[in-house]
Number of protein chains: 2
Amino acid sequence: MEVLFTFVPREDQQQRIQEEFPEVDFHFLYRDKTRLSTADIIVTYGEDLTAEDIGTAEKVKWIMVASAGIEKLPHQAIESRGITVSNVKGIHKTPMAESALAHLLAIKRSLPVIYENQHKQQWVRKISSSELSGTTALILGPGAIGSEIGRLLQAFGVQTIGCNRSGRQAPNMDEMISFEKVLDKLPEADYVISVLPSTDETKELLKEEHFKAMKDTAIFMNFGRGDLVTDATLVNALQQNEIAYAVLDVFEQEPLPADHPYWLMDNVIVSPHISSKSGKYVDRTLDIFIPNLEKWLIDQSVPTNLVDMEKGY
Amino acid sequence: MEVLFTFVPREDQQQRIQEEFPEVDFHFLYRDKTRLSTADIIVTYGEDLTAEDIGTAEKVKWIMVASAGIEKLPHQAIESRGITVSNVKGIHKTPMAESALAHLLAIKRSLPVIYENQHKQQWVRKISSSELSGTTALILGPGAIGSEIGRLLQAFGVQTIGCNRSGRQAPNMDEMISFEKVLDKLPEADYVISVLPSTDETKELLKEEHFKAMKDTAIFMNFGRGDLVTDATLVNALQQNEIAYAVLDVFEQEPLPADHPYWLMDNVIVSPHISSKSGKYVDRTLDIFIPNLEKWLIDQSVPTNLVDMEKGY
């Protein structure tokens with residue numbers, strides 16, 4: 001049994017896996033595809049496998065993606081072979097929810113201005129800070145991450161409205177609506193926070209009319225995928241002051257091109273797709289991988305975090 | 001009955017008070033002391049009254065301070081006349097707790113670095129963000145504000161240790177210690193957050209030994225009063241890397257002198273005593289003032305927010 005990691009965990013983490021499975025042959029090889037043809041299982045961040053690689057990896061029966069999004073996997077090649085795919089859905093929720101709250105609180109409590117005034121060595125007390133308490137958030141995609149954001153927002157006294165395909169109840173949401181109702185609800189939201197994956201349904205889900213419907217004081221946060229809205233639409237909405245602020249962790253094109261207007265817009269925060277970063281990331285990946293591999297070795301099944309390649313999540 | 005405000009609320013707020021008490025004569029005069037001699041009640045931010053002013057204000061029986069700290073009031077002049085003093089303790093808790101969380105989350109989730117890289121138009125994904133979840137905070141002064149900080153920290157999965165004079169239980173603290181035990185507990189804390197008022201007991205409560213006892217990764221936050229620690233002690237602790245970061249909303253001298261080292265230290269955040277700022281501040285002050293004035297008009301008593309001038313809070 002051979003397991004190929006296409007990234008390299010820390011020494012102690014490698015040791016942890018090896019000690020757990022002395023009978024398995026692990027390879028930790030960054031950007032090195034020499035072991036593809038003999039690998040039974042691939043553990044990857046999900047951005048480095050082509051359809052050709054899947055062809056080469058002829059023995060592979062399980063791909064574990066150490067990420068939540070699987071849109072960069074070569075879907076057809078994987079599906080046609082019936083390869084099992086699993087992810088680490090759930091492990092992003094703590095760091096991502098903390099990042100979302102950090103950015104939101106920073107804006108409400110004037111941190112960008114405070115930092116700038118310190119930089120200029122100016123003691124400026126005239127500042128228009130406001131509070132999270134008593135406001136309303138619309139959360140697009142209240143899954144593991146969105147619900148964790150909802151839980152924290154509720155602790156701050158924020159009213160939470162969740163929005164998903166079906167409109168069925170999600171945890172930590174005071175109210176739920178379906179995608180079809182989003183336009184009606186936008187005028188109530190002080191923050192519109194997306195953690196939606198990229199699927200056929202979510203691509204360009206938000207259009208010009210949606211930004212026009214938002215409060216002109218609204219903060220739009222995209223922590224899901226960059227294709228939720230086109231750059232042209234969002235740039236225009238910000239320039240026309242249809243909304244007050246955008247905090248973006250994901251973009252239509254990543255890395256964000258050097259000449260992109262977002263960089264210099266003072267009502268945009270550019271976070272380079274790092275909101276899920278955490279010193280605990282790989283450890284948590286292994287917390288999911290290890291029990292799944294234990295089960296796999298018994299009966300070639302993956303008990304948790306299975307991905308439906310057709311649905312896309 | 002004459003009430004002198006030494007600050008000027010918004011028009012609608014003035015109207016609210018006047019409509020509530022048509023029989024009372026209100027004056028809203030910023031930096032204008034011409035009405036002192038006829039005022040029965042003074043409503044002030046607490047920084048603009050001298051002992052001489054108290055002498056002039058010979059009819060005054062109640063001073064309402066729209067602040068939590070009363071250390072700038074002329075204590076002796078007030079006490080010798082037996083003037084009732086009340087404050088707005090409690091109204092700071094929401095904005096201040098949100099500011100404390102904003103600053104803490106910002107550091108944990110790398111916001112200063114993210115902002116700086118955006119400023120340089122650089123897409124840098126190598127960033128060492130960490131999480132609040134699973135860490136420990138020591139809160140000096142778990143009163144209204146400190147307990148609210150504790151409540152929010154607990155929502156983020158932070159262990160909270162409260163520290164007050166007696167060591168008696170305070171809300172939202174997983175553990176309580178008294179001031180005498182603080183040195184023993186400091187090595188456990190990832191954050192040391194003070195919201196202590198300025199009293200004889202809290203002045204220079206933290207000394208060199210305390211910073212030496214803290215983790216070298218610790219974040220020290222002072223949202224209480226600037227005399228908790230001398231600048232020399234804190235600058236030295238930061239320069240010697242005895243702690244990792246300081247977030248300061250209060251200072252030995254305010255405004256912070258232009259040539260102070262804090263301005264340029266990259267492990268110090270200078271917040272110019274604004275963490276309690278909120279668009280809701282004056283409204284909340286009136287929410288406390290109005291019922292108290294109602295009672296005062298009946299029997300010259302103040303039912304809430306009375307200050308013990310001797311204790312200092």
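Helices (H or I, at least four residues) and strands (E, at least two) are taken here as DSSP runs, numbered from the N terminus, and the model on screen is a predicted one.

**First stop: a loop in chain A.** Select His273(A), which is found in the loop between strand 12 and helix 10 (281-299) of chain A. The phi of His273(A) is near 50°, a positive value in a residue other than glycine. Is His273(A) buried, exposed or partly exposed? Because 19 C-beta neighbours lie inside 10 Å, His273(A) counts as partly exposed, the cut-off for a buried residue being 20 or more.

**Second stop: the cis peptide bonds.** Then select Pro255(B), which lies in the loop between strand 11 (245-248) and strand 12 (268-270) of chain B; here the bond from Glu254(B) to Pro255(B) is cis, with omega near -5°. As background to these two stops, most residues other than glycine have a negative phi, and most peptide bonds are trans.

**Third stop: where the chains meet.** Show both chains together and colour the residues in contact, of which 42 belong to chain A and 42 to chain B. On the side of chain A that touches chain B, at least two residues each come from helix 4 (93-108), helix 5 (111-119), helix 6 (144-155) and strand 12 (268-270) of chain A. Which element of chain A gives the most to this side? Helix 4 of chain A does, with 9 residues. Coloured by class, the side of chain A that touches chain B shows 24 nonpolar, 11 polar and 7 charged residues.

Select residues 111-119 of chain B, the span of helix 5, and pick out Leu111(B), Ile114(B), Asn117(B) and Gln118(B), which are buried. Looking down the axis of helix 5 of chain B, one finds its buried residues within an arc of 125°, so they line one face of the helix. The buried residues of helix 5 of chain B pack against helix 4, helix 5 and strand 12 of chain A, together with helix 4 (93-108) of chain B. Step past the end of helix 5 of chain B to Gln121(B), which follows the helix and has a positive phi, near 55°. Gln121(B) sits in the loop between helix 5 and strand 6 (136-140) of chain B, and it counts as partly exposed because it has 14 C-beta neighbours inside 10 Å.

Now show the open sheet of chain B, in which 5 strands are arranged in the order 2-1-3-4-5 with parallel pairing. Its edge strands are strand 2 (25-28) and strand 5 (84-86) of chain B, each pairing on one side only, and the twist averages 15° from one strand to the next. Within the sheet, strand 1 (residues 2-5) and strand 3 (residues 41-44) of chain B pair in the parallel sense over 3 bridges; to find one of the bridge partners, select Val3(B) and Ile41(B), the latter in strand 3 of chain B.

**Last stop: two helices side by side.** Finish with helix 1 (residues 11-20) and helix 10 (residues 281-299) of chain B, whose axes come within 11 Å and cross at roughly 10°. That angle makes helix 1 of chain B roughly parallel to helix 10 of chain B. To display their contact, select Gln13(B), Arg16(B), Ile17(B) and Glu20(B) of helix 1 of chain B with Val282(B), Asp283(B), Leu286(B) and Ile290(B) of helix 10 of chain B; by class, the residues of this contact divide into 4 nonpolar, 1 polar and 3 charged.

How values were computed
Residues numbered from 1 in each chain as written. Chains lettered and ligands numbered in written order. Predicted model: local features only at pLDDT ≥ 70, side-chain atom pairs only at ≥ 80, totals over all residues. Contact = placed C-beta atoms within 7 Å. Nonpolar A, V, L, I, M, F, W, Y, C, P; charged D, E, K, R; others polar. Pairing = 2+ DSSP bridges. Axes fitted to C-alpha atoms, helices over the stretch in contact; angles between N-to-C directions. Parallel < 35°, antiparallel > 145°, perpendicular 65-115°, else oblique. Buried ≥ 20, exposed ≤ 12 C-beta atoms within 10 Å, placed from the backbone. Arc of directions from axis to C-beta.
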